[in-house]
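Work through these exercises with the model open. Each task is followed by its solution.

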Amino acid sequence: MNQDLQKLIELEKVDREATRLTEEVAALPKRVAAIEEKLAEHKAAVEKAKAGLKANEAGRRQLEADIKGFQEKIAKYRSQSSSVKTNDEYRALMHEVEFAEKQISGCEDKILELMIGLENEEKSLKTAEAQLKVEAVDVEKEKSEARVRTAEDEKLLVGLNEKRGQLRAGVNDSTMAHYDRLMRQRKFAIAEAREQKCLACFVMIRPQTWEEIRTNEQMITCNSCGRIFYYDPTHEAPPPPEPPKKKSRARAAEAEAAPEPAAEITPTQ
Ligand SMILES: [Zn+2]
């Protein structure tokens, strides 16, 4: 085989693998960022549950302080009651005591409500914390996997770039320029010629050119798509008269894809 052709075939494989790895390296931080966003949602849920608990606690403390205030008032009224002169004064004080007792009872009801609410709030905090924990483990795992994969990819890329340099070094400039243009514009530069067709664009190849391609000794490009041809004799169809013994995988796939020939129907009168 033509040496340049052989190098270009190898180079194309290297280039495509390098592109794949580069894309993978670029995609990994995005994947981690997406997971971290999910983690932030769980963190927010935990914060919300914690804030709810804090508000509950503050509410209860306030009510307890209110109760204490009312109790002090009651004690004061009771001590005053021993020194009052008239029944009216006494009744007025007792009325105040009664009012303060009602207030205390109201505060106690509210505390009870908060205590009942507290149970639910504690439950939702526990749930949110448990979810956060699970999610955090996942994120760490994904992150470390991404780090390992990135390091591996980068190492492979260094190797591929070295190989790339070696392969390119031996090929002449105009061939290299043609190859680069094809890679840029058409994603791949090399095409197999099979059964007198370009397997990239499926255009038929002239018989004389076909014979030249089959030698693999020249750089021949497709008239239609510009890709550089190579020929693989192992992909050639078996000679038609012999019954097919072993089909290659590609041939088998082609045969499967082709519709069954319709059976000939003889019209009857
Ligand atoms: Zn072509």
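**Exercise 1. Find which backbone nitrogen a side-chain oxygen of Asn-2 reaches at the start of H1.**

Solution. Go to the start of H1. A side-chain oxygen of Asn-2 comes to within 2.8 Å of the backbone nitrogen of Asp-4. Helices here are DSSP runs of H or I with at least four residues, strands are runs of E with at least two, and both are numbered from the N terminus.

A word on the model. It is predicted: local features need pLDDT of at least 70, side-chain atom pairs count only at pLDDT 80 or more, and totals for chains, interfaces and linings use all residues. Residues are numbered from 1 along each chain as its sequence is written, and side-chain values use heavy atoms, leaving out hydrogens and water.

**Exercise 2. Decide whether Asn-216 is buried or exposed, and list its contacts.**

Solution. Asn-216 sits in the loop between helix H4 (207–215) and strand S3 (228–231). Apply the cut-offs: buried is under 20% relative accessible area, exposed is over 50%, and partly exposed is in between (1.4 Å probe, protein chains only). Asn-216 has 9%, so it is buried. Now list contacts, meaning heavy atoms within 4.5 Å. Beyond its neighbours within four places in sequence, Asn-216 touches Met-1, Asn-2, Leu-5, Tyr-230 and Tyr-231.

**Exercise 3. Describe the phi angles of Glu-195 and Gln-196.**

Solution. Glu-195 lies in the loop between strand S1 (190–194) and strand S2 (197–198). Gln-196 is in the loop between S1 and S2. Glu-195 is not a glycine, yet its phi is positive, near 50 degrees. Gln-196 is no glycine either, and its phi is about 65 degrees. Glu-195 is partly exposed at 26%. Gln-196 is partly exposed at 21%.

**Exercise 4. Name the donors of the zinc ion and classify its site.**

Solution. Donors are N, O and S atoms within 2.8 Å of the metal (3.2 Å for Na, K and Ca); water is not among the atoms, so sites may look incomplete. The SG atoms of Cys-198, Cys-201, Cys-222 and Cys-225 coordinate the zinc ion at 2.3 Å. Their spacing in sequence is C-x2-C-x20-C-x2-C. Four donors count as tetrahedral if all angles lie between 85 and 135 degrees. Here the angles are 101 to 118 degrees, and the site is tetrahedral. Cys-198 is buried at 0%, whereas Cys-201 is partly exposed at 25%.

Note on methods: Tetrahedral: all angles 85-135°; square planar, octahedral: opposite > 155°, others 65-115°. Polar contact = N/O pair within 3.5 Å; in protein donor to acceptor, adjacent residues only side chain to side chain.
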